[in-house]
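Subject: Structure for you to look at

Dear colleague,

I am passing on the structure that we talked about, and below it you will find notes on what was found there. Please keep the model open while you read, and look up each place as it is named.

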Amino acid sequence: MGGIFVEQSYYYFDGKSRSWVECQEPWIEKDIEKFSLSIVDKGMGERQLDALAELQSPDHLLAYVDIGDFNYRYSCVYKKAAARWRVQLYRPQKTAIILVDVFSVMGTPDGVELHRRGSKQYSLRLNYGKWQYTAIPSKSDQAESGGSVFNYKYDWTDEGFDFSVEIPQIVTDKVMAFLKELSQEEFGFVPTVPTDMPPARLMKYFTQYPLDVNVGWYVDMLGYDFSRHIIRTNDSNFDLICDYLKLPKTKGLQKAYRENGRSLVVCFFLQKIGIDDINLWPHFYDINQLLGQKLDRLGIDRFGAFYKRQGAWWRYWWGDLSNYEINWWWKRQDKEDLSGYDPSYVGWQMLYSWLMEKWEPLRAAEILHSALDGGSYEVHDCLRMWFNSYTRGELTDDFVQAIYRTGFSKETHDVWTAEERRLSQLAAEQRRRESNARHKSYLEIEFTLAKGDLMKEEDTPQGSFKIARNGKELFELSEAFHNCVFYLYTERMNRKECSIYYLEQEGKPVACIEVSNGAIVQALGDHNHILKGEIKDAVVDWGIRHNLEFKPMS
């Protein structure tokens, strides 16, 4: 290693224990391409795993992948399988490097298989001495909010990256022990770290802000305007975050920040939607999602509005004017009626206000919690249905009672969809009744025909030209031609807006002709097919004899 002391550890997936284990045998250091591979999917059954464990040897590795909701799509590679992990610790340089050899995998109807043989190596370099980290591969992206563009980066350790890979706990423990030793040398003690932070983020944030890893969430979420105020030696950035987000600096909130760093951004959201009672805030400290998105996929612009970053699920986003139903409603309101709403939070403001009008604060908070932390199709659909029904004054007692019982949930969604189906069936039955009544009334209509209309009836060598004299005759024509002339033209003929003629050959209608204002508007055959040949010539000759103009005819 060129005189540089390095402590190196290797890890492979052990099929028997179903976990990653450290290996100190020489064979593990071979070139990864010299190993044969089998793919282990997190969702495999015990029998499959037992069979793969039997194949494991110093020449055959098990590459692990968590397919998750991957539905065996055929088009391209969506996941990476980790075949081997390596940790390098450089004590004099105060640097830890995590390396993982990955292979591309794809789903098939029979399971998961290698997409191609070639491997790639991902790396995460944690330079504690320089307070920075570097991940390869990584991406730079932009998000727009409030008229400003925000730049941000994300990498293979982040959920939402194209080919993200989860770092095993045994690897995290090895690296964190090393980083804590460095912090002991720097500060004389080992800083306390939260237990619920994702491993990759914990290592990154500890490298940058060892005394207060929680502030890393806010550096990522708030961007440069906030991060330039952070000092590495701050044992707590609680006051800075509260000042930036305009939150009260209470002891309860400070404790919540220590236990769950993301609680402050949740309180910021609650304050924005109108929950000023800080006694209700603790009910939301465990929230991991807002606006239908995971918190680490959100940013906050300098105007206090949330925006989407990498991996955000647009289909679950709800609450601001980017939602179609809310935007449609917003545009149709008077400015005075909108003065109390923030366009970035209007849906949530309306929901909380309605909940507080209906029930006591504690129950309102519990129901709102279910809406915020749902993050599923059913919850999103419930919110959409609630908003549409509420703004139209169509909320039913069953729907309201379901919200009270189970909040915004699949159960509430099922209640509402059952009601929608019932109303849809009633509406369909009503439409059928109206259609039947209209049909019956049309059949009874007798048209008042002028002498000039009747004079156009004639028998010719090409056939007989006749005019429809009543609704019943139009219905028979509609049945014969398989068109909509009965429903579309009965009232028009009754109002004398047009006349419907037809050409009959050997007792069979062959051309349907609309005449209006002295012109042939259209002439079509069965199923509205274009007239051709002798039939078209016959209609043209008939029109010429009766001085009818011709609109463009196909």
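The second largest pocket holds about 850 Å³ of space. Of the 32 residues that line this pocket, Tyr133, Asn151, Tyr152, Lys153 and Asp220 are the closest to its centre. On a 1 Å grid over the protein atoms alone, a pocket is an open set of points with protein on both sides within 12 Å along at least five of seven lines, while a cavity is a set of points where a 1.4 Å probe fits but cannot get out, and lining residues have an atom within 4 Å of a point. Grid points are joined across faces, edges and corners, and a volume is the space filled by probe spheres set on the points.

Before going further, please note that this is a predicted model, in which local features need pLDDT of at least 70 and side-chain atom pairs count only at pLDDT 80 or more, whereas totals for chains, interfaces and linings use all residues. Residues are numbered from 1 along each chain as its sequence is written, and side-chain values use heavy atoms, with hydrogens and water left out.

Strand E8 (132-136), strand E10 (148-155), helix H3 (199-208), H4 and helix H5 (224-227) are the elements that give two or more residues to the lining of the second largest pocket, and E10 gives the most, with eight residues. These names refer to DSSP runs numbered from the N terminus, where helices (H or I) have at least four residues and strands (E) at least two. The lining of this pocket has 15 nonpolar, eight polar and nine charged residues, where Ala, Val, Leu, Ile, Met, Phe, Trp, Tyr, Cys and Pro count as nonpolar, Asp, Glu, Lys and Arg as charged, and the others, Gly among them, as polar.

There are also two cavities of 30 Å³ or more in the structure, and the second largest cavity contains about 40 Å³ of space. Its lining is made of Pro194, Asp196, Met197, Asn214, Trp217, Asn260, Gly261 and Arg262, which divide into three nonpolar, three polar and two charged residues.

Next come the helices. Helix H4 (residues 215-222) and H6 pack at an angle of about 30°, with their axes 11 Å apart, so H4 is roughly parallel to H6. Here axes are lines fitted to C-alpha atoms, for helices over the stretch in contact, and angles run from 0 to 180 degrees between N-to-C directions; those under 35 degrees count as roughly parallel, over 145 as roughly antiparallel, 65 to 115 as roughly perpendicular and the rest as oblique. Helix H6 (residues 238-245) also packs with helix H8 (residues 263-272), at an angle of about 20° and with the axes 11 Å apart, and H6 and H8 are therefore roughly parallel to each other.

Two places in the backbone deserve a look, given that most residues other than glycine have a negative phi, and most peptide bonds are trans. Ile136 and Pro137 are joined by a cis peptide bond with omega about 5°, and Pro137 lies in the loop between E8 and strand E9 (138-145). Lys94, a residue other than glycine, has a positive phi near 50°, and Lys94 is found in the loop between strand E5 (79-90) and strand E6 (95-108).

With best wishes
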